[in-house]
Amino acid sequence: MAVDPETVRHVARLARVRIEPEQQQSLATELSNILGWVDQLNELDTEGVAPMTSVAQMRLKMRKDEVTDGNRREDILANAPEAKHGFFVVPRVVD
Amino acid sequence: MTELTDLTLTAARDRIARGEVSAQELTEAHVRAVEGARDLNAFIAETSELAMDMAKASDDRRARGEAGPLEGVPLAIKDLFCTKGVQSTAASHILDGFTPPYESTVTANLWKAGAVMLGKANMDEFAMGSSNENSHYGAARNPWQRRGDNKPLVPGGSSGGSASAVAARAALGATGTDTGGSIRQPASFCGIVGMKPTYGRCSRFGIVAFASSLDQAGPMTRTVRDAAVMLRAMAGHDPNDSTSVDTPVPDFEAALTGDIRGLRVGIPAEYSVEGMPEEIGRLWQQGVDWIKAAGAEPVEVSLPRTAYALPAYYIIAPAEASANLARYDGVRFGHRSAEARDLQELYEQTRGEGFGTEVKRRVLIGTYVLSAGYYDAYYNKARKVRTLIAEDFRNAFESVDVLLAPTTPSAAFGVGELVDDPLSMYLNDVFTVPASLAGLPSISVPAGLSDTGLPMGLQLIGRAFDEETVLRTAGVMEDAAGFDHRPAFIAGR
């Protein structure tokens with residue numbers, strides 16, 4: 001599967017990662033190489049095979065739906081690049 | 001002083017227990033060794049003061065008769081583990097300044113057992129890499145050198161700083177994490193023991209997530225016995241990780257009986273790959289001879305889908321990574337771009353500035369294979385292949401008890417040799433990825449030297465939750481190999 005710079009721009013947008021224009025061509029080549037290499041999986045017949053969801057073959061544990069933790073606003077905000085009045089601060093999103 | 005850093009973890013533990021050395025003496029010797037090993041760049045942060053405080057507390061506990069199984073043992077902690085009040089970076093620029101308000105379960109277990117933290121070990125950014133060159137803090141170096149050649153070599157990755165520190169006698173042991181080989185490959189490259197336990201054996205709580213269905217913590221030490229003791233302290237069920245398994249943790253040290261008579265050891269034909277250096281094949285054959293001499297029975301087995309494990313891994317791991325790394329948004333913790341004018345730009349700029357080249361590459365691959373129109377062709381296909389890989393192992397374990405294979409297709413390579421060639425770098429994981437996809441316990445044991453004088457490891461893979469057989473066999477191989485070679489660089493010498 002060949003990836004072109006336009007696809008790199010699209011995927012980078014989906015992933016919310018800025019890719020400088022001068023890197024788009026080299027990334028397109030690298031991604032094409034990697035995806036071309038993984039294409040060998042198509043040699044393997046997987047008709048009727050269930051996709052693995054859990055390697056440990058276990059059932060997810062259930063617990064009572066009750067609050068077990070909380071009241072840690074200061075801990076949670078302690079690492080924020082910008083916080084005010086007990087909230088995270090982001091650039092204005094509505095005018 | 002240097003003598004103390006040459007002890008094995010278990011020998012140091014025994015000396016402390018007998019009162020022949022204090023935790024503070026042992027820790028001080030290692031703090032000096034960490035300082036003396038700075039040329040290796042094995043640590044992102046040295047926590048010397050904290051180490052001495054923890055050692056003092058350890059001596060106090062011992063005086064009160066409350067000693068734990070790792071009382072006073074100084075360790076390096078891979079910087080992927082969150083440590084309360086100590087900056088935790090995952091070797092990424094995007095976690096600049098992040099100081100966790102909580103402790104990972106594995107490190108909490110180690111401190112409860114009495115261990116002491118020397119510092120946070122260098123690694124590939126977000127554990128993505130096989131050479132430790134993808135670190136925002138610069139590459140860590142391998143303390144080994146080729147005979148008659150002082151070109152710097154990589155320690156392997158992603159747990160490269162951990163492996164380097166343990167090999168250079170700057171720590172008695174270190175934590176690592178293994179997603180596709182990140183404990184075993186650096187252990188092999190640095191001539192130490194590294195074990196990835198069964199998926200679910202150790203809690204992932206507080207370990208910065210890379211690929212959640214694969215990530216598993218494990219010990220990196222200089223002997224198999226050290227690994228057994230350290231793993232026991234790390235492991236255990238944790239309500240904070242729903243994939244940690246609620247099953248008793250055995251006394252792994254007691255499993256080291258030295259007796260593998262009658263054990264059936266599978267030799268998987270598919271691990272003999274084209275272009276593999278002849279010396280790796282020779283080492284493997286040597287391993288077969290050792291286990292045979294110890295009374296075990298080598299059995300040829302086939303894991304027919306082995307060749308498809310690596311490409312499946314390089315879909316599944318980036319897919320999970322792209323989801324896990326969505327949390328780095330410049331809003332809640334870590335780096336935030338100063339350039340952004342609106343929210344969209346804040347995300348894109350922050351992540352563009354904060355992630356390194358390999359991390360971006362994998363986030364893009366992951367996003368691509370999960371995107372509309374490709375999800376079935378790539379991601380679901382890879383998950384089906386993963387089912388088949390696990391089935392291969394299940395079939396093999398019907399007739400054998402443990403598998404023996406090389407750990408890596410080569411000895412350590414030079415700094416800069418593969419960094420511009422992602423595919424060649426990925427091929428380093430060809431022998432370690434299959435057990436990761438199947439969630440099986442696996443260990444690398446130093447077994448011999450390459451023609452150029454570099455360490456090479458052999459790998460044992462066991463049934464799920466049968467770490468004991470893996471460790472027992474590893475102990476026998478370790479004795480047979482008698483690997484007593486030392487790296488060119490020893491801390492403080």
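B:Leu40 has 26 C-beta neighbours inside 10 Å, so it counts as buried; the cut-off for that label is 20 or more. Keep in mind that this is a predicted model. The residue is found in the loop between H3 and strand E1 (43-46) of chain B. Setting aside residues up to four places away in sequence, B:Leu40 touches B:Ala140, B:Arg141, B:Pro143, B:Ser164, B:Ala168 and B:Phe489. For a sense of scale, take B:Tyr313: B:Leu40 and B:Tyr313 are 273 residues apart in sequence, and their C-alpha atoms are 30 Å apart in space.

H3 (residues 23-36) and H4 (residues 48-63), both of chain B, have axes that come within 8 Å and cross at roughly 165 degrees. That angle is over 145 degrees, which makes H3(B) roughly antiparallel to H4(B). The crossing of H3(B) past H4(B) is right-handed. On the H3(B) side, the contact is made by B:Ala23, B:Gln24, B:Thr27, B:Glu28 and B:Val31. H4(B) answers with B:Ser48, B:Ala51, B:Met52, B:Ala55, B:Lys56, B:Ser58 and B:Asp59.

What about the two chains together? Here 38 residues of chain A are in contact with 54 residues of chain B. The elements giving two or more residues to the chain A side are helix H1 (5-14) and helix H2 (21-38) of chain A. H2(A) gives the most, with 7 residues.

Here is how the residues divide by kind in the two contacts:

In soluble globular proteins, nonpolar side chains tend to be buried together. The largest nonpolar core in this model has 174 residues, and the ones touching the most other members are B:Leu75, B:Val116, B:Ala165, B:Ala312, B:Ile315 and B:Leu364. Helix H10 (residues 309-324) of chain B gives the most to this core, with 10 residues.

Which residues is B:Ile315 in contact with, leaving aside its neighbours within four places in sequence? The list is A:Val38, B:Val369, B:Tyr378, B:Tyr379 and B:Ala382. So B:Ile315, one of the core residues that touch the most other members, also has a contact in chain A, through A:Val38.

Key: Residues are numbered from 1 along each chain as its sequence is written. Chains are lettered from A and ligands numbered from 1 in the order in which they are written. This is a predicted model: local features need pLDDT of at least 70, side-chain atom pairs count only at pLDDT 80 or more; totals for chains, interfaces and linings use all residues. Two residues are in contact if their C-beta atoms, placed from the backbone, lie within 7 Å. Helices (H or I, at least four residues) and strands (E, at least two) are DSSP runs, numbered from the N terminus. Axes are lines fitted to C-alpha atoms, for helices over the stretch in contact, and angles run from 0 to 180 degrees between N-to-C directions. Angles under 35 degrees count as roughly parallel, over 145 as roughly antiparallel, 65 to 115 as roughly perpendicular and the rest as oblique. A crossing is left-handed if the near helix is turned anticlockwise from the far one by less than a right angle, and right-handed if clockwise. A nonpolar core is a set of buried Ala, Val, Leu, Ile, Met, Phe, Trp, Tyr and Cys residues joined through C-beta atoms within 7 Å. A residue is buried if 20 or more other C-beta atoms lie within 10 Å of its own, exposed if 12 or fewer, and partly exposed in between; C-beta atoms are placed from the backbone.
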